[in-house]
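Hello,

Here is the structure I promised to pass on. Have a look at it first, and then read on for what turned up.

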Amino acid sequence: MENFIAYNPTKLVFGKGSIAQLGKELQPYGKKALVVIGKGSVKQNGILEAVYQQLTAAGVSYTLYEGIKSNPIYQDADAAVAQAKIFQADMLIAVGGGSVIDSAKAIAAGYYVEHSVWDFYLRKAPAPTKALPIFAVLTLAATGTEMNMFTVLQSDDEKAKHGYGSPLLYPKVSFLDPEYTYSVPQNYTAYGVADLIAHSLEQFFDTSHSPLSDAYAAEIIRLAMHYGLEVHQNPQSYEARANIMWLATSALNGSLAAGKLGGDFGVHGIEHCLSVLFDIAHGAGLSIVYPAWMRHFYSQIEGKLTFLAQRTLHEKATANDFIVALENFFTTINTPIRLAKAGIGKDKHALILENLKQNNPKGRFFKLTATDYSSILELMA
Ligand code: NZQ
Ligand code: ZN
């Protein structure tokens, strides 16, 4: 088991009606908030209105930054920083999925500096020493950003997507009401399930010996497959929505990292290249890359795959059974397992290879070279 530090200062308020706590929770942090949202779903489903009511009742004035896109770009975060500075915001309220919350994290750090937020992601700027407090109202179960210190942004000009992390960027409080995810369409619900499974796998394939972490990851995957199917059949099931929400948070809030070295994350690196090239949803990219990655590294991971198969399927299941079951599951819930299914033809392979070589995703345990990229690409076709 590796040495580790367990630290997670985010307070979660989970369950039906949790928004009622927002006003009280943010009161110690000031009187002016920048509210950050995506392309408008939270206006249609009433969530933004519920947030506004809390702010008004708490005597907090606010201004809205609207328009964060899925697979968020740093230019939006820079524009929101400018707006926050003019408004002299004391805090940020992110109302949305991972893209909105990740952008809020960038804005929080960007508020106290004069350079573009992108410089943090490029490691051109020193680490932030201050950040605005962030409150997250989560509307989509997937990334875990509501309870971690990471943020991922992309630059369309540079065709690059990078992550960044700082302990200053943990949300102060995150509000997780499973009913807020009833309106997430079937496709994004499925992509979220694929993402949370991928986070469990990335940490599971960190080969450091941490038996509790491995058993925990396998159980998250088993439950994600169970509730993923249930929510696919019955999108209004509170139990399914609630369990998926908590599974997604648990998969990337540090719980699975205990006794490990930070996970592999090679698959995430490859997916980020698909995201910048084709603007594919993150979870849809992952459900394509993971099965291919597993087949490519099969001889090295057969033992670990067998463990997963026996924990998630049945006691006689084999390594290959796990890959096939995962593919069948993804197909059933309608998240793609091949590039062609996502409308990305063979004519795009050269472009993908070029981007992989440019961004050079590595994988901490399963190192990726140009030869690996080509082979994994063939398996994704
Ligand atoms: O923009 P709006 O109109 O709000 O619509 C969004 C968007 O179109 C919609 N949506 C969200 N909540 C909804 C809803 N529609 C109806 N009802 C609701 N309640 O869903 C679409 C996708 O939203 P997005 O925030 O992009 O999805 P997700 O939460 O999957 O976030 C993806 C981003 O997170 C990054 C990904 O790379 C990607 O950029 N990740 C962040 C991580 C982290 N910070 O720890 C880790 C992950 O591995 C991931 O890389
Ligand atoms: Zn992810």
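Which residues coordinate the zinc ion (ligand 2)? They are D195 (OD), H199 (NE2), H268 (NE2) and H282 (NE2), at 2.0 to 2.2 Å. Donors here are N, O and S atoms within 2.8 Å of the metal (3.2 Å for Na, K and Ca), and sites may look incomplete because water is not among the atoms.

Before going further, please note that this is a predicted model, in which local features need pLDDT of at least 70 and side-chain atom pairs count only at pLDDT 80 or more, while totals for chains, interfaces and linings use all residues. Residues are numbered from 1 along each chain as its sequence is written, chains are lettered from A and ligands numbered from 1 in the order in which they are written, and side-chain values use heavy atoms, with hydrogens and water left out.

Back to the zinc ion (ligand 2): along the chain, its donors follow the spacing D-x3-H-x68-H-x13-H. Among them, H199 in helix 7 and H268 in helix 10 (residues 266-278) are 69 residues apart, a pair that links distant parts of the chain. Helices are DSSP runs of H or I with at least four residues, numbered from the N terminus. H199 counts as buried because its relative accessibility is 3%, and H268 is buried with a relative accessible area of 7%. Buried means under 20% relative accessible area (1.4 Å probe, protein chains only).

(A nonpolar core is a set of buried Ala, Val, Leu, Ile, Met, Phe, Trp, Tyr and Cys residues joined through side-chain atoms within 4.5 Å.) It draws at least three residues from each of domain 1 (11-180) and domain 2 (186-380), whose bounds come from an automatic or database domain assignment.

How do the two domains sit relative to each other? Their centres, taken over C-alpha atoms, are separated by 26 Å. In all, 27 residues of domain 1 are in contact with 25 residues of domain 2, where contact means heavy atoms within 4.5 Å.

Happy browsing, and do write back with any questions!

Methods:
Helix = DSSP H or I, 4+ residues; strand = E, 2+ residues; numbered from the N terminus. Buried < 20%, exposed > 50% of the residue type's maximum accessible area, 1.4 Å probe, protein only.
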